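Here are my notes on the model you sent over.

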Amino acid sequence: MVTNYADCLQCGTSNPQVARFCMACGSDLGADGDHAVMRFVTAVFCDIAGSTQLSQQYDPQVWNTLLDEYFTGTKTALTSTGGRVEKFIGDAVVAVYGAVAAEGDEAPRAVMGAASIRDQLEHFNRETAARYGAHFHTRTGIASGRVVTAGRDSSFAIGSVMNKAARLQSSAPLDGIGIDVRTWFLVRDRFHTEELAPVRAKGFDHPLRVWSADPARPPAPAPQQIFVNQKPLLETVTGRIDPAGRESEPLHLHVFGDMGVGKSSFLLQLEHLLRRAGLRTVPMQCPRGPDEELWQLREIDEQLGSAEGLPVTSRMFSVRELQWQVRTRLSRMSTGDAVVYLVDDADLLASSVSDFLTAAVLSRPGAVLVTSGSAPLPNVESVAIPPLDDAHAGEFVELLRPELELHSHTADATEVIERAHGNPLYIEQLAALAESERDLLPPAAEAVFGARIAPLTREERMLLAAASILGIDRASDLFTVMTDLDDEAVFQTFDRLQQAAFVGNRMIGEVSYQHLTVKDRIELRIRIAATLAAMSRTDPQLLLLAVQNAVQAFEDAVNSEPDRVPEARALAVGSLLGAARYAIAITEPVKALDFAEQAIQIAEEGEETASHEEAVSLHCYALAAVGRLEQARKLARRTRTSEANASAAAHLAVTALVLGVGDPSEARRKVEQASDPMASMRLTTWDGILMARKGDYPGAVALLSSAHHVAREYSYGLGTAEVYGNLSLFTALDDRPVMEALDALEVLTEEVRDTPTLRALIECSKALVQGFEGSTEAALDLLERVERLFTDIGYQPGRAQIAQFRGNIHFLSGDMAKAAGWWRASAAGNAAMANFAQQERDLVKSWLLRPDGAPPDVSALERADDWEARLLLFLIRGRADETSAAQRSAESEILIPVRGRAAMFARRLWEHSTERLGQIP
């Protein structure tokens with residue numbers, strides 16, 4: 001005699017003891033016994049009310065007999081509706097629907113199972129009352145959610161949903177059924193439900209919403225549906241159906257779209273429009289239940305009879321008799337004007353019933369058949385119902401808002417809209433879920449799609465999850481790299497999934513990801529992050545996706561897989577550092593700052609000394625780039641680097657130089673030790689800046705051009721923005737002709753056309769050149785466009801820089817009042833960023849043009865040694881009664897070293913200020 005093996009956890013089939021693989025789905029039986037599987041299930045917890053008092057009334061042997069009979073009936077009620085008894089706890093029974101094989105209708109079957117317990121209990125009570133005088137009452141709690149299932153005979157489902165079912169049981173009505181919000185969403189259109197008072201349950205942060213469910217009563221009429229976004233489509237379909245606009249030939253239109261996208265709502269609105277237009281309509285709801293031809297035909301006949309006003313006279317029909325009855329009803333209804341039949345959820349019909357109904361309706365002259373389903377039909381005019389765009393999804397959420405304010409703890413509409421992908425049903429379900437969870441999925445999607453992906457292999461589920469994370473095209477390209485499968489195996493797997501309509505549905509991908517075990521999720525995220533990080537060397541835009549996956553893998557590993565933490569940490573820190581470098585290169589310092597701070601936090605938790613030092617170096621640079629100069633200086637002063645990362649030490653030393661707190665000789669020594677081309681480039685850039693401060697702009701351009709070659713070769717990294725920004729500025733200020741300068745700046749602009757902020761910095765220098773040649777309006781228009789960009793991206797240093805350039809342009813045009821005003825605005829912006837040295841210069845220039853009040857502080861100018869500082873100091877200290885010889889001497893000392901257009905700017909400031917100095921007391 002052959003003993004059956006434990007049921008296959010993938011499909012539920014019982015297999016012979018000698019079988020290694022399931023005869024039905026091919027799953028590895030041995031592996032499944034040890035490997036945990038994620039499932040979306042419905043749990044039932046049923047307990048005898050007042051059992052403690054009852055047990056005291058009987059001898060233990062009698063009580064044991066009563067419990068045995070009760071458990072036998074309860075187990076039969078649950079298993080006959082598809083449940084699997086998980087365990088008995090005292091006099092309570094726990095069952096799970098969907099733990100072995102999922103069909104998508106576990107929640108309705110669980111409620112039916114609970115109702116069957118109640119029916120069994122009535123028979124049980126009649127017998128026990130006669131024999132023992134006992135009368136049992138029960139309370140049943142039902143909850144739906146995700147669990148981990150294992151190959152054990154008992155306690156095979158682990159998850160908070162089990163605890164939730166137990167909590168709901170204790171608050172359910174006597175002999176009643178209490179269900180949670182997820183279960184309610186899955187049964188509300190099947191059975192009568194009524195919301196009860198929320199339950200405060202131990203272990204849950206928020207009160208649990210609970211409904212009573214009664215399968216013996218029909219569901220309450222659905223509330224008026226919210227309808228947005230489809231009005232143009234409605235008008236098109238209505239016009240297509242209108243007999244005045246078409247021939248009298250029968251017409252079949254098919255409305256299709258994803259589950260929950262609004263097909264039923266669309267048909268309801270279409271029915272209203274057609275009725276107002278004077279057309280006769282017959283709405284029909286395809287029967288949910290057995291996929292049996294006879295049963296479905298009876299349901300159709302009953303619906304047609306109701307629409308005709310002639311109820312069914314007999315239920316004793318064969319299939320042929322029912323078909324004749326339906327055709328007869330259609331014939332009577334089609335007499336006279338055309339009739340529009342609207343058949344919702346037509347893909348629930350058996351193919352034979354669908355073919356019969358279609359042929360029967362379309363055999364009537366002028367008849368119109370409008371069906372709905374999940375996919376277009378071949379050779380049928382089909383109309384797609386699109387998801388809501390963000391604007392209409394927001395409108396939909398607002399129409400739901402009163403309900404959300406009462407019940408939702410996740411009222412962030414943006415997150416709800418993003419997770420729902422524009423699907424109205426998903427928006428409603430996510431918005432109404434009271435529990436705050438990071439991995440929220442709409443219950444309708446998880447129940448249906450969870451059942452569809454359950455038979456898939458682990459690699460197939462991993463591929464669908466990867467497609468959800470990466471996008472279809474990228475997943476198909478990368479999956480070969482991320483797995484041991486060869487190209488042909490990946491292609492075949494992808495092809496199978498596409499044929500099953502799994503690929504392209506983002507919600508299926510998200511359900512697939514959530515139904516992976518945590519171990520598999522970590523594995524998948526690590527594979528994706530490592531692959532993207534490697535590919536980012538040629539495509540740095542992949543770094544952000546690498547960061548997201550690496551950080552998530554690290555967080556999951558910390559919580560559940562300690563052995564994977566070192567690997568995940570190194571990957572997360574490396575990805576974050578790469579992303580920070582790239583963000584700095586494309587002048588997005590706010591993002592760089594965030595990446596660097598995350599890298600510091602993760603690296604500090606391990607032994608990542610070299611990575612930690614690089615993160616600190618990037619952090620210091622980013623602080624300066626976003627204008628938090630004092631914080632950057634403090635960090636540069638207090639940071640002590642080791643020999644672990646010579647490159648990071650070199651970059652930090654150069655950053656300290658730029659911030660004015662570094663030692664030049666120490667910085668040069670560290671740059672030489674590091675042999676890092678980018679660090680050398682930054683030091684060359686600094687040398688160019690020093691040369692420009694002396695007024696030698698052609699020499700500065702020569703040095704910056706050398707640094708520019710390095711920046712182009714290495715694409716991105718620290719110092720790229722400094723190179724382009726300073727090279728463009730020095731090009732604008734040196735002694736070449738205007739057109740030659742503009743041509744050089746245009747070449748730089750083209751190089752960074754895909755980096756808006758860098759392009760904007762160069763365009764500031766273009767505007768300055770235009771100001772030098774007298775094109776004031778063109779220069780100001782260009783600066784206005786640049787300012788809009790800086791405002792949109794929140795680039796505060798750029799906005800202060802725009803004010804300074806505007807002041808320069810107005811000064812060159814001779815409008816001293818506006819120049820002074822814009823320089824004061826630049827001073828305010830630099831003060832907000834703690835750039836007090838530049839603030840002081842702006843205030844001095846403004847005061848020289850409009851000397852109102854006491855002269856500004858010049859302490860920072862006194863410490864500086866560049867030509868502009870010396871010029872400003874001389875002018876603000878000057879007096880009108882000084883000798884002309886002294887003035888000529890100062891002019892010679894200050895202005896002769898300044899070359900090109902910068903000298904013209906300095907000379908104009910000198911001339912205007914010395915004229916005004918005579919007015920200074």
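The points below go through sheet, hairpin, loop, helix pair and cavities in turn.

1. Ground rules. This is a predicted model, so local features need pLDDT of at least 70, side-chain atom pairs count only at pLDDT 80 or more, and totals for chains, interfaces and linings use all residues. Residues are numbered from 1 along each chain as its sequence is written, and side-chain values use heavy atoms, with hydrogens and water left out.

2. The five-stranded sheet. Helices (H or I, at least four residues) and strands (E, at least two) are DSSP runs numbered from the N terminus. Five strands make an open sheet in the order S10-S11-S12-S9-S13, with parallel pairing; strands pair if DSSP finds at least two bridges between them. S10 (280–285) and S13 (381–384) are the edge strands, each with a single partner, so one side of each has no neighbour in the sheet. Ignoring direction, neighbouring strands here are turned by 20° against each other on average.

3. Inside that sheet. S9 (residues 251–256) and S13 run parallel and are joined by four bridges. Phenylalanine 256 sits opposite alanine 384 in S13. Helix H7 (residues 231–241) packs on the sheet and touches S9, S11 (339–344), S12 (368–373) and S13, where contact means heavy atoms within 4.5 Å. The direction of H7 makes about 165° with that of S9; axes are lines fitted to C-alpha atoms, for helices over the stretch in contact, and angles run from 0 to 180 degrees between N-to-C directions.

4. The hairpin. S2 (residues 84–89) and S3 (residues 92–97) run antiparallel, joined by five bridges. Isoleucine 89 stands opposite alanine 92 in S3. Two residues lie between the strands, and glycine 90 in the turn has a positive phi of about 60°.

5. A loop glycine worth a click. Glycine 104 is in the loop between S3 and helix H4 (106–131). Its C-alpha atom is 9.2 Å from that of alanine 445, although the two are 341 residues apart along the chain. Neighbours within four places in sequence aside, glycine 104 is in contact with Ala447, Val448 and Ala451.

6. H20 against H22. The axes of H20 (residues 518–535) and H22 (residues 565–585) come within 11 Å and cross at roughly 40°. Ile526, Ala529, Ala530 and Ala533 of H20 meet Glu567, Ala568, Leu571 and Ser575 of H22. That contact comprises six nonpolar residues, one polar and one charged (Ala, Val, Leu, Ile, Met, Phe, Trp, Tyr, Cys and Pro count as nonpolar, Asp, Glu, Lys and Arg as charged, the others, Gly among them, as polar).

7. Cavities. How many cavities of 30 Å³ or more does a search of the whole structure find? Five, a cavity being a set of points on a 1 Å grid over the protein atoms alone where a 1.4 Å probe fits but cannot get out. Grid points are joined across faces, edges and corners, and a volume is the space filled by probe spheres set on the points. The largest cavity holds about 100 Å³.

8. Its lining. The largest cavity is lined by 15 residues, with Met38, Arg39, Gly450, Ala454 and His515 nearest its centre; lining residues have an atom within 4 Å of a point. H15 gives the largest share, five residues.

Notes: On a 1 Å grid over the protein atoms alone, a cavity is a set of points where a 1.4 Å probe fits but cannot get out, and a pocket is an open set with protein on both sides within 12 Å along at least five of seven lines; lining residues have an atom within 4 Å of a point.
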